[in-house]
Amino acid sequence: MSWTRRKPMEAMMPAQADHKLARTLSWPHLLALGVGAIVGTGILTLIGVGADRAGPAVLLSFAIAGAICACAALAYAELSTMMPAAGSAYSYSYVVLGEGIAWIVGWSLILEYSLVVSTVAVGWSGYAGPLLTPLGFPELLTKGPELGGLVNVPAIFIIAVVASLLMFGTQESARLNTILVLIKIATLSLFVAVALPAFDAQNLQPFMPFGFAKHMAPDGVERGVMAAAAIIFFAFYGFDAISTAAEEAKNPDRDLAIGIVGSLIACTLIYVLVAAAAVGALPFTRFADSPEPLALILREMGQGTVARVVAVAAVIALPTVLLGFLYGQSRIFLVMARDGFLPQGLAKISRRGTPARITLVTAILVAIIAGLLPIDEIAALANAGTLIAFTSVGLCLLVLRRRLPDMRRPFRTPAAWFVGLGAMGGCAYLFISLPMQTILACLGWNAVGLVVYFLYGQKRASAAK
Amino acid sequence: MSAILAATLVPAMPAKSPAYWVSDNDYPSGALQRKEEGPVAFSLLIAPNGRIANCMITQTSGFADLDERTCAMIASRGRFKAARDENAAATYGSYRGLLSWRLPGKLGGPSYR
């Protein structure tokens with residue numbers, strides 16, 4: 001029964017020479033890849049929603065969301081250094097939990113990676129479109145059909161640019177990504193430098209106006225520290241993309257652990273500092289629920305120019321999210337192609353050492369989603385897919401600790417049981433907290449996935465043996 | 001006028017959570033039809049008895065119906081703890097807030113990426 005068949009650990013690396021990726025990345029590249037994938041323009045809006053749901057205690061919400069992610073990140077760090085294969089959670093599940101679960105995880109990872117790329121491309125187009133239309137660019141070509149347009153050309157354009165860069169060279173992509181990430185961090189530091197001197201402890205009172213536990217407020221909005229944490233969690237993932245770089249890291253034992261854990265620590269620090277500067281600068285009621293809280297705070301402080309600089313820099317640096325997730329999706333598809341779930345010819349590596357064919361196929365897929373589909377309605381599915389992947393990684397960690405306690409672990413997470421159960425429990429809680437229609441859509445997606453597996457995937461995987 | 005006053009006044013805190021002030025049922029029907037939405041910033045003058053003495057829009061949503069309904073709802077539902085002066089006596093206070101009108105029942109949630 002191939003459903004339960006486990007891939008032998010030795011078979012994890014590619015057998016064919018023309019399937020081997022070039023090892024060109026070191027830990028600073030990976031760290032920047034992670035931070036670039038995690039921090040998008042969400043930080044510009046997140047404080048507003050968070051403060052609306054939790055008040056100044058949104059600071060606690062950030063810490064709790066960061067802690068659940070830390071459990072997942074530690075599990076990823078241990079597994080990716082033990083099994084440095086490009087398929088991330090899909091590869092670990094294939095080795096540890098069996099082919100059927102691996103298929104479900106791979107199918108869910110498509111939701112996470114492809115939908116984030118498409119959503120962010122459409123978001124970028126939302127900034128670029130209004131700049132283009134005055135120059136005579138037809139408005140019909142700046143939005144998808146569900147918004148009354150024809151096709152979202154700017155979204156497809158930015159995907160094409162990022163995909164070309166990734167096909168041209170992994171190291172070149174990583175260098176440009178690092179520069180953009182530094183721009184991003186510099187502008188967020190600028191916000192903190194301007195807002196933090198105005199810190200007034202009075203603004204933190206009352207600290208927890210909506211309580212700790214999640215509850216339905218009279219206006220039909222779920223409030224409390226945990227309600228805000230459940231939203232904020234989804235601004236934290238992306239560090240997992242680093243684990244898909246396992247076959248391209250110069251020194252995977254060290255680089256992966258530093259990249260994964262380091263990028264999460266860096267982003268938690270960035271988020272908490274920005275949040276503290278924001279809630280300290282103004283009473284939260286004045287920016288809670290604002291669609292652009294950071295800009296509002298800066299304008300109230302008479303720093304309109306800084307507000308514009310922060311907003312413009314965020315948009316310039318937004319493609320790093322595309323880069324991180326498109327990179328991750330192409331590597332996961334690459335491994336699925338090697339395993340026979342996709343045509344094996346797609347797994348061929350180009351002369352430049354990049355998986356050009358599978359990158360092109362991935363880019364076409366996400367470009368179709370971004371250009372034509374109603375992205376607003378399906379964006380939240382990315383969160384559901386991520387939670388399934390994180391849960392599987394927590395489970396793989398615990399199973400391997402039992403099954404192979406003495407195997408070499410270049411990075412050994414402390415308190416493995418706490419970390420594994422924390423990742424699984426935290427993600428299960430967040431999954432059932434998702435809107436019901438998102439949960440149902442996610443289950444529907446996986447039902448389709450299972451049909452595809454039994455009609456097609458199972459045979460392909462066996463044939464590849 | 002009230003904006004100038006507000007700057008010199010003691011801040012007042014709501015007696016009941018601002019979450020009680022407005023619900024989806026309060027969406028102005030015209031705005032609902034025209035699919036208008038957006039944030040409204042407001043400034044309140046709070047009387048010593050905790051009632052709202054004045055409501056002023058400090059930043060418009062761009063839609064008159066939404067701006068008007070903001071002050072109407074808050075004036076009828078908002079209750080405050082009286083602001084206290086340095087002798088702990090009830091006095092006039094100020095409160096500044098923001099209300100984002102968002103069309104009810106939008107599908108899914110944003111990804112906050």
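Analyst: From the N terminus on, the elements of chain B follow the order α-β-β-α-β-β-α-β-β-β-β, which comes to 3 helices and 8 strands. This is a predicted model, and the mean pLDDT of chain B is 84, with 87% of its residues reaching 70 or more. Where pLDDT is low, the predicted coordinates should not be read in detail. For the complex, the predictor gives an ipTM of 0.74 and a pTM of 0.90.

Still in chain B, buried residues make up 29% of its 113 residues.

Two packed helices are described by the angle between their axes and the distance between the axes. Helix α7 of chain A, residues 170-195, packs with helix α12 of chain A, residues 319-338, at an angle of about 145°, and their axes are 10 Å apart. The crossing of α7(A) and α12(A) is left-handed. On the side of α7(A), the contact is made by Ser173(A), Asn177(A), Leu180(A) and Val181(A), while α12(A) brings Pro319(A), Thr320(A) and Leu323(A). Sorted by class, this contact of α7(A) with α12(A) has 4 nonpolar and 3 polar residues, and no charged ones.

If you move on to the loop between α7 and β1 (215-216) of chain A, you find Pro206(A) there. A cis peptide bond, with omega of about -10°, joins Gln205(A) and Pro206(A).

Two further loops of chain A hold residues with a backbone angle to notice. Ser88(A), in the loop between α3 (58-82) and α4 (89-96) of chain A, has a positive phi of about 55° although it is not a glycine. Ser88(A) counts as buried because it has 29 C-beta neighbours inside 10 Å, and the cut-off for buried is 20 or more. In the loop between α9 (252-281) and α10 (293-300) of chain A lies Asp289(A), whose phi is near 70°, again a positive value in a residue other than glycine. Asp289(A) has 22 C-beta neighbours inside 10 Å, and therefore counts as buried.

How values were computed: Residues numbered from 1 in each chain as written. Chains lettered and ligands numbered in written order. Predicted model: local features only at pLDDT ≥ 70, side-chain atom pairs only at ≥ 80, totals over all residues. Axes fitted to C-alpha atoms, helices over the stretch in contact; angles between N-to-C directions. Helix = DSSP H or I, 4+ residues; strand = E, 2+ residues; numbered from the N terminus. Left-handed = near helix turned anticlockwise from the far one by under 90°. Contact = placed C-beta atoms within 7 Å. Nonpolar A, V, L, I, M, F, W, Y, C, P; charged D, E, K, R; others polar. pLDDT = per-residue confidence, 0-100. Buried ≥ 20, exposed ≤ 12 C-beta atoms within 10 Å, placed from the backbone.
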